[in-house]
Every structure is written in structure tokens, then in C-alpha cells.
Amino acid sequence: MPRTRSSYSGSTLSGYFPPGVKWIIAINLAVFVLCYLGGAAIQRPVTAYLALSAAGAIKYFLVTQVFTYMFVHFATLHVLFNMLGLWFFGLPMEQAWGTRRFVKFYLYCGLAAGVCVLLVNILVGDWVTPTIGASGAIFGILVAFGVLFPDSVILMFFLFPMKAKYAVMIYIGVELLATLGPNTGVSTVAHLGGAAFAYLFLKQRMPSLKMPDLSGAYKQWKLQRAKKKFQVYMKKHGQGPWVN
């Protein structure tokens, strides 16, 4: 029985490169290098056949795009940060679960993210915009890491040390806020789709895990906010000090 909840040390990163993470990174980098060296001559057919679009998947029956899109990157920073995220969070996940289970979970997250993108694009009538990249699957791995190793300290944005469970919540919160902002060309739908699938999958398949109560955390935040407002109001009217 694989471990379900633990903590890990960064020292486990040295001297071990599991096959699942290694081959996923290798495939992504191979496609990226091919597209980079081939330029527009390669990127056009790759976009048409491998990138995910509503027109391609539905009108032209290229349903495989829901799978292939997650292995396509055109920008250097895009593939760099995705593969760094996969390496950092995926390595301890594969160590805990084993290669087969980890790879299946990774692909499931990417597929779920792709389906979410496809459905949203159909609903809004966007049939031509292509989606590429592994970010949906990476966000699924990120959520799983936060659930299995909640108290492990990671460098959020590669700068700020923070427990994984809090960092994951902040990442998801940032994505939720981004969906309300202007279009930046980043598919927050894919990110949130992969993260939501991972959360629901783990909650169903691993009921022994203590999943973070997101709704309870939000209610607690609202309660604390109302309490502070009340304290400020009473203080203005000559009441206080307040102790807690």
C-alpha cells in the first residue's frame, strides 16, 4: 500500500529521476524542440492536429486533441516553468505512488482540463482558439502534492517559503481571480479544471485522507472579517478594548 499522507524532504530530489517524470519531460521537450527548430512550417500543422480547439475536436472529429494538447509548447518560458513544476511536485508524487499510478493520474488531470476547456469554448462560441500546454495536468499534480504533503515547506513562486497546503490554496485563489480579469492568453479554465479534477478524484478514491475544507475556510474568513468590522464599529463608538 503506497503512502497516502506524509512529508518529504528536498534531499529526496538528489540522485533519483523516476521514469514517469523523466519520460513526460522528455516528450514535452522533444515536441518543443521540434516546433522551435521547424518554425512556422512545423507549428502550423502541430496547431491544427495536436493543439486543442473546439473546431478541431468537434467539427473535424480530432478528439485526440484532448490528449495531445498537453504535450505541445511553443514558448521557452512556458515549457520551462511547466517542466520545473512537474519535476518539483511530480517527483515526490511518483515516489509515493509508483510510476504507473502517477502517470495515469497526470494524464487524467490533463484530460479533465482539456474537456473543461472544450466545454467552455463551445459554450462561449469560441471554435477556433487553440489551447496548448501541460499546465492543467501540472495543477492537478500541485493539488495532489498539497493533499499528500500538506506541511512540507516549498518556495512559492520560487521565492517565499510556505507550507504546501497554504501555497496550493493561494495558487488556486490567484487562478480564480484571474478568470474575472482581462484575457491574458493563459487558460485559467485548464488550470482550474485540472485542479478540480485532482481534488475530487483524491476525495473519492482516497477517503482516508483529510481533505482541506475549502468552504469551511471561506466561512471562517467571512466570520473573522465580520468580527473585525464589528470591533472597528464599536471602537468608533467608544467601546473596547477587545480581547480574544
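This is a predicted model: local features need pLDDT of at least 70, side-chain atom pairs count only at pLDDT 80 or more; totals for chains, interfaces and linings use all residues.
## The nonpolar core

The largest nonpolar core contains 52 residues. Within this core, the residues with the most contacts are Leu 86, Met 93, Trp 97, Phe 105, Tyr 106, Val 143 and Leu 202. Two or more core residues come from each of helix 1 (19–38), helix 3 (54–59), helix 5 (76–97), helix 6 (99–124), helix 7, strand 1, helix 8 and helix 9 (188–205). The most is given by helix 7, which supplies ten residues.

Apart from neighbours within four places in sequence, Met 93 is in contact with Gly 98, Phe 102, Ile 141, Ala 144, Phe 145, Leu 148 and Phe 149.

## Helix 6 and helix 7

Two packed helices are described by the angle between their axes and the distance between those axes. For helix 6 and helix 7, the angle is about 125 degrees and the axes are 7 Å apart. The two helices are therefore oblique to each other, and their crossing is right-handed.

On the side of helix 6, the contact is made by Phe 102, Phe 105, Tyr 106, Cys 109, Gly 110 and Ala 113. Helix 7 contributes Gly 136, Ala 137, Ile 138, Gly 140, Ile 141 and Ala 144. Of these, Phe 102, Ile 141 and Ala 144 are also in contact with Met 93.

## Helix 1 and helix 5

Helix 1 and helix 5 form another packed pair, with an angle of about 170 degrees and axes 9 Å apart. Angles over 145 degrees count as roughly antiparallel, so helix 1 and helix 5 are described in that way.

The residues of helix 1 that make this contact are Pro 19, Gly 20, Val 21, Ile 24, Ile 25, Asn 28, Leu 29 and Phe 32. Those of helix 5 are Thr 76, Val 79, Met 83, Leu 86, Trp 87, Gly 90, Leu 91 and Glu 94.

## A buried threonine in a loop

Thr 131 sits in the loop between helix 6 and helix 7. Its relative accessibility is 9%, and since buried means under 20%, Thr 131 counts as buried. Leaving out neighbours within four places in sequence, Thr 131 has contacts with Ala 51, Leu 52, Tyr 69, Val 117, Asn 121 and Ser 187.

## Salt bridges around Asp 151

Side chains of opposite charge can pair when their charged atoms come close. The model has two salt bridges. One joins Lys 163 to Asp 151, with a distance of 3.8 Å from N to O. Lys 163 belongs to strand 2 (residues 160–163), whereas Asp 151 is in the loop between helix 7 (135–148) and strand 1 (153–156); the two residues are twelve residues apart.

Lys 165 also forms a salt bridge with Asp 151, and here the closest N and O atoms are 3.1 Å apart. Because Lys 165 lies in helix 8 (residues 164–180) and Asp 151 in the loop between helix 7 and strand 1, this pair ties together parts that are 14 residues apart in sequence.

Key
Residues are numbered from 1 along each chain as its sequence is written. Side-chain values use heavy atoms; hydrogens and water are left out. A salt bridge is a side-chain nitrogen of Lys or Arg within 4 Å of a carboxyl oxygen of Asp or Glu. Helices (H or I, at least four residues) and strands (E, at least two) are DSSP runs, numbered from the N terminus. A nonpolar core is a set of buried Ala, Val, Leu, Ile, Met, Phe, Trp, Tyr and Cys residues joined through side-chain atoms within 4.5 Å. Buried means under 20% relative accessible area, exposed over 50%, partly exposed in between (1.4 Å probe, protein chains only). Contact means heavy atoms within 4.5 Å. Axes are lines fitted to C-alpha atoms, for helices over the stretch in contact, and angles run from 0 to 180 degrees between N-to-C directions. Angles under 35 degrees count as roughly parallel, over 145 as roughly antiparallel, 65 to 115 as roughly perpendicular and the rest as oblique. A crossing is left-handed if the near helix is turned anticlockwise from the far one by less than a right angle, and right-handed if clockwise.
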